[in-house]
Amino acid sequence: MDAEIARTFNGRIITTLAPIAELAMEEGATKEDANQRAVALASQVFGLLMLENSGRLTALGFDGRSILDMASN
């Protein structure tokens, strides 16, 4: 990946994850912990989307929305 494209992509990821990290910091997390939580949550959601869009969740007998609801509680 071109360095400029990588920089732009990373900036967009940071912008997307910042509100999640800010909420975690409001709940008392350190900045580092809040950022890690934001990345962990995003990774789970992206993985779930990949499984849903590829049909793997249906093949396994799961519903993406119910899994997302369970993860958010």
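Visitor: Is Arg7 buried or exposed?

Guide: Arg7 is exposed, because its relative accessible area is 53%. Please note that this is a predicted model, in which local features need pLDDT of at least 70 and side-chain atom pairs count only at pLDDT 80 or more, while totals for chains, interfaces and linings use all residues. Residues are numbered from 1 along each chain as its sequence is written, and side-chain values use heavy atoms, with hydrogens and water left out.

Visitor: With which residue does the side chain of Arg7 meet in a salt bridge?

Guide: A salt bridge is a side-chain nitrogen of Lys or Arg within 4 Å of a carboxyl oxygen of Asp or Glu. Here the partner of Arg7 is Glu4, at 2.8 Å from N to O. Both residues belong to helix H1 and stand three residues apart, about one turn of the helix. Glu4 counts as partly exposed, since its relative accessibility is 45%.

Visitor: How many salt bridges does a search of the whole structure find?

Guide: The search finds two. Besides the pair already described, the side chains of Asp33 and Arg37 meet in a salt bridge at 2.9 Å, N to O. Asp33 and Arg37 are separated by about one helical turn because they are four residues apart in helix H2. Asp33 is partly exposed at 27% relative accessibility, and Arg37 is partly exposed at 43%.

Visitor: How many helices and strands are there in the protein chain?

Guide: Helices (H or I, at least four residues) and strands (E, at least two) are DSSP runs, numbered from the N terminus. The protein chain has four helices and zero strands, and along the sequence its pattern reads α-α-α-α.

Visitor: What is the radius of gyration of the protein chain, and what would a compact globule of 73 residues have?

Guide: This radius is taken over C-alpha atoms, and the globule rule is 2.2 Å times the number of residues to the power 0.38. For a compact globule of 73 residues the value would be near 11 Å, but the protein chain has 15 Å. The C-alpha trace spans about 35 × 35 × 15 Å along its principal axes. Of the 73 residues, 14% count as buried.

Visitor: Which residues form a nonpolar patch on the surface?

Guide: Patches are made of residues with over 30% relative accessible area and no salt bridge; like charges are joined within 9 Å, and nonpolar side chains (Val, Leu, Ile, Met, Phe, Trp, Tyr) within 5 Å. Accessible areas come from the Shrake-Rupley method with a 1.4 Å probe, and for residues only the protein chains shown count as cover. The patch consists of Met1, Ile5, Phe9 and Ile13, with about 440 Å² of accessible area together. Met1 lies in the segment before helix H1 (3-26) and is exposed at 75% relative accessibility.

Visitor: How far is the C-alpha atom of Val39 from that of Ala21?

Guide: These C-alpha atoms are separated by 8.7 Å, with the residues 18 apart along the chain. Val39 has its place in helix H2 (residues 31-53) and is partly exposed at 44% relative accessibility. For another pair, Ala59 and Ala18, 41 residues apart along the chain, the C-alpha separation is 34 Å. Ala59 belongs to helix H3 (residues 56-60) and is exposed, with a relative accessible area of 53%.

Note on methods: Buried < 20%, exposed > 50% of the residue type's maximum accessible area, 1.4 Å probe, protein only.
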